[in-house]
Every structure is written in structure tokens, then in C-alpha cells.
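Visitor: Please pick one part of this model and walk me through it closely, with the cut-offs as you go.

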Amino acid sequence: MIFTLAVILFILLLWIGKGRGVKTFLSLCFNFMIFAVMILCMNFGMNPLVVTLLGCIGITAVTLFFLNDINMKTKTAFISVLITLLLLITFILILSNKSKIQGFTNEDADEISIFSLNIHLNMIDVIISVIIMGLIGSIIDIAISISSALHEIFLNNKDLSKNELFKSGMNIGRDIIGTMTNTLFFAFIAGFMGFFIWHFNTNMENVINSKALCSQLIRIFCSGIGTIIIIPISSFVSSTIYYLKAGR
Amino acid sequence: MQFIHKNKLFIITYAILVLLSIGVIYFFSNNYAYYKKTIAKVTKVEEKQTKTVPNNIGIQETYYAQSITAVIKNGAQKGLLINIENERSFSGVLDKQISTGDDLFITFIKSKDNKEKIIIEDIKRDKYIVFIVIIFMLTLILIGKRKGLLSLVSLAFNIILFSVILYLYKRGMNILLLFMIAALLFTVISLILTLGINKKSISVITSTLISLIVSMLIACIVFLFYANKIEYEHMEFISAIYDYQSVFYSSVIIGGLGAIMDIAITISSSISELISNNPLLTVEELKRSGKHITMDIMGTMSNVLLFTYICGSLPIILFTMRNGMPLTMAIKYYLNLEMIRALTGSIGIVVSIPVSLKISLLFLKRGADI
């Protein structure tokens, strides 16, 4: 079934997107391969956090440089993504360690009962990986949108000041915020419907302290926070770099 | 100075919000009295490595014994100092890893030889949930300002709508039908709240709904062919759901909706901007510019979907691989459902591009027709 869906996607991409569509399909394949390599490295024993950071750099590079060519817009977006990642990682590290959301939940315990629990793998680092990988996609998307739009505006309005360019970036970002919060909400619901159906009538005390709810909420809201702070960061980086390049 | 003057109202309101937030977080960190179950706060943890246990492929797991000193924070025994024994592993797959400062839900039980033993039921996490939600809201309002606040309002509406759906589902309504109605309502409400009622929002709503229907039809046809090959047993919480097929299908619809709306808004906004900056552009020129914009976003959006869905499977894949399962098998097992979601969502995105382009040209530019 996956194969049929993939073929349909490829045909649609080719028909509607032509060359660009094919590149999109290839970028999906490359990114998936990076994901697989990340898993192999973590399984081999490498520190999951290091693997995640390196993997995210790779994913960003594929999505920006392969898909969109190497130019000033993509280079700016790349820098913005890296800065945002570095800012977020400390926050995510501390929060995940304190809230004890690592490993599996009681609801999952049945499914893994046939396996041994002795895997010598730091599950806290794994859940941090999950959170970071979940937000990398939307951060890249917003960074390139702002960087691209600001580039167009900059080219068409040579007498805009750096501050005004920054403000334009923020305005564009604010429009995106609305759709982003709703996209996150829908993704959350899509993945977590079962939890709500199951726990609809349960004791409130248990549900709001549960590992399941806590880890999902932390994942989704860290994603949200990441997509929000990339807006001022990429506006700032874009406006600074475009002005430096123009020699002003 | 001028900056502070101009934004006085915002700074004052925001400062009040921050103070309120600190209050709320403080409250949830200390709300022991509101709980029926006994809670103890950990003051000291002493740890000692006890043993190493191998699994079936030779990986050695290290275990530690934790000697925990804690203070009971509520109930009849408030203030009592207690000692709890806990065992944890290096990995922490299912066990509890206790550290100083944690709040624990505990129960007292009498073991066989009449000795009293203390069991840790779970860790109190409500303050972390409240913390992350508040940080999210504060960041959203700080950077989004009024638009950020509006998106919070639309989020609140969507949450209420979702609760109503859950309630109706529990009363017996068909979930698929519920979610189709929900998709319609989610779309209309979110878009009207963020864009207002104007040509732009109507064009976005129409494009979203049409793209959703088209991509769902495609998915439906494929589903019908392969219905018995989808491995539903990997769905989370499957044991509680009897009509899991519909629930899964609904989740695919809802998941795709967000991405489709995003694309529809981007295209409509861009076309609208292009027209307002240069009303003399012809339909052909608009079509060409529109195509350029859409090419850029199509690529990144599909990748966003891919990673949002597959990252959640990382723990289970690694876990089974450390038990000897080969990578290809683990991926085939645990990414099956997520890939269906990601691919269907991407199909929706690709479909929504020409649909949004044609519809926004139709609504926003005079003289354009399909």
C-alpha cells in the first residue's frame, strides 16, 4: 500500500511540479535515508544527541540546498535554523530531564512485553531526539519562507532600512503563525486521538500527570515554540546578511 | 525611549501576563492539597549500582538501587519523612528514574510478612504541562502580538469543537461522519478568525475543502484496495477502540487538513499581495508568478509532514533493534501507519497547489476563469 501511495505521489509531483516535483520526491527519499542512518548510528552506540544534531544539519542541508539550490536565501535560512536549534536544545534538555517523560508509557507496556527491557540505551536522549526531529521540518519551512520573501522585498526596494526589512519579516511571520498553530493542533489530534478516546471518562488526577499526555504536549508545544522563535531569528539574520552583502 | 512609549499598552499588558503566569506555575508546583492521592517530595536520593543483566543478544543493562528520602506533602501524614526503595535501569524504558525535587504519588501497602512498603505510583507532572503551555502562549503573544492572540482564540475554539466531537462519539455517533463535519467547521472557523470574512478567506476555504475532498478520494480508493493490509495493530491505544478503521481514516483526514490549509493560505496571500502591488498584471503573468511561489513551498511542506509523523516512532524502532530486530523489519512494522499518513498528506499538499492557484485567481482577479 505504501508503494502505491508513493507512486501516486510521484506521478502527481511529476505532473504538477515537473522538475521541481521530482526533486521534491528525491528530497523526501534522501531525508528518509538520513533518518535511517541516524537510527543505525544510535543503535551502534553513538550518543543520540550528537547523532540528532548532525542528522538535523544533514536534513536541513538536503531540504534547503538540494531542493532549493545554494544561494543567499538558502544560506541565510540555514544559519537561522542552526541558531534556533542551538537555542532550543538547552531548553528541551532541561525540560525533558525534569519531567521524566523518557521511555514508554503504561499503555505501551503490553506491546513490548515480548521484548527484553535490557537495551542499555539512554531513553531520555532518545525522547529529546524525537522532540528535536519533530520540529526541524517546520523550522526549515518558515526560515526559507521568510528569507525568500525578504530577499524579494529587498531586491525591489533598495531604500528600505535594515529595521524596516526586519519589521517586514516579522509581519510575514505573524501571518504564518495563525496557520502554524492550527497545523500543530491538527497533527496532535491526528496522532493522539486514541488517547483521548480511551481516557475520556478516567480520573482527571491520573490523566493530567500521565507520561503519555505530558510527553505529547511537550513535543507539540516545543515544536510550536520553535516555529515561533524562528520568525524573529530568521528576520534578523536575513536583514543583517542582505545588508552586509549590499555593503551598507 | 520612543519604543517604550509607543508600545506602552502592550508592555504593561504583557508584564501582567508574565506575573500571572508565574503565579499559575507556582500554584501548580504546590497544589498538593488539591489531590486525593498522597504526594511526597523527594529531598535526597542515594544511588548504588547493583547488577548488570544481559539481554538475548548480549547487550548489558546496568541497574541501580535508589534509596530515596522524601517528605509527605498532603493528607493526614503531612510533614512525615519517609524512605522509599526504588530500582532503576540505565535505559529507563519503563521504570521510574527518581531525582531530588521530584514529586511522587505514593501508596502504602502491607507486604506478605506484614511489613509496610511504599510504592511509587507515578511522578507528578502537572506543573510541567502548565509550564510548557504557558511558555508557548507567552512566546506566541510576545512575537505574534494581536495575530498571536487571535490564533490562540482559534485554537481554543478548535479544542472546544474537538471536545464536543469526542462527547458525541462516546454517545455513539459515527466517527468518520463526525470528523468530516469537524474538518468543515475547523476550516471555516480557523480561517474566518484569522483572515476575516473577505474574498481572500472565502477563496482559501474553498481551495482547502476542494483539495481535501480530492486527496481523500484518492486515499479512499487506495484504502479500499488495501484495506486488509493496513497493520492497524500498531495504532496507539488500539485496544480501546472498536472501529479503529474509521478512527485511523479520520486521523489521516485531520492530519492532512493542517498542511492543506497552510498551502492554501500562502498561495492566496501571495496572489493577493501580487495583485495589490501591481493591479495591471495579466492572468497569465499571475499564473506564472504563482507557479514559482508554489514550487518553493511544495518541497519544504512535504518534508515537514514526513518528519512530524515519523519521529514519534524512533523509540520503538530503536528498542526493538536493540532486541535484535533488523532495521528493515522494524521500519516496515512501525512506520507503516505513519508513512500512510505522511504520503496521504503529501498527496493533499500537491493537489492543493493547482487547486488553490486556480481558485484564488478566480476569486481575486477579474476576468480570470477556470
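Guide: Let's call a residue buried under 20% relative accessible area, exposed over 50%, and partly exposed in between (1.4 Å probe, protein chains only). By that rule His120(A) is partly exposed at 29%. His120(A) sits in the loop between helix 3 and helix 4 of chain A, with helices taken as DSSP runs (H or I, at least four residues) numbered from the N terminus. Its phi is near 45°, a positive value in a residue other than glycine.

This is a predicted model, so local features need pLDDT of at least 70 and side-chain atom pairs 80 or more, while totals for chains, interfaces and linings use all residues. Residues are numbered from 1 along each chain as its sequence is written, chains are lettered from A and ligands numbered from 1 in the order in which they are written, and side-chain values use heavy atoms, leaving out hydrogens and water.

Now for how chain A meets chain B. Counting contact as heavy atoms within 4.5 Å, 104 residues of chain A touch 121 of chain B. Together they bury about 10,600 Å², 74% of it on carbon and sulfur atoms; that's accessible area (1.4 Å probe) lost on being put together, summed over both. There is one salt bridge between the chains: Lys100(A) to Asp102(B), 2.5 Å from N to O, where the rule wants a side-chain nitrogen of Lys or Arg within 4 Å of a carboxyl oxygen of Asp or Glu. On chain A's side, helix 1 (2–44) is among the contributors, and gives the most, with 23 residues.

Notes. Buried area is the accessible area (1.4 Å probe) that two parts lose on being put together, summed over both. Helices (H or I, at least four residues) and strands (E, at least two) are DSSP runs, numbered from the N terminus.
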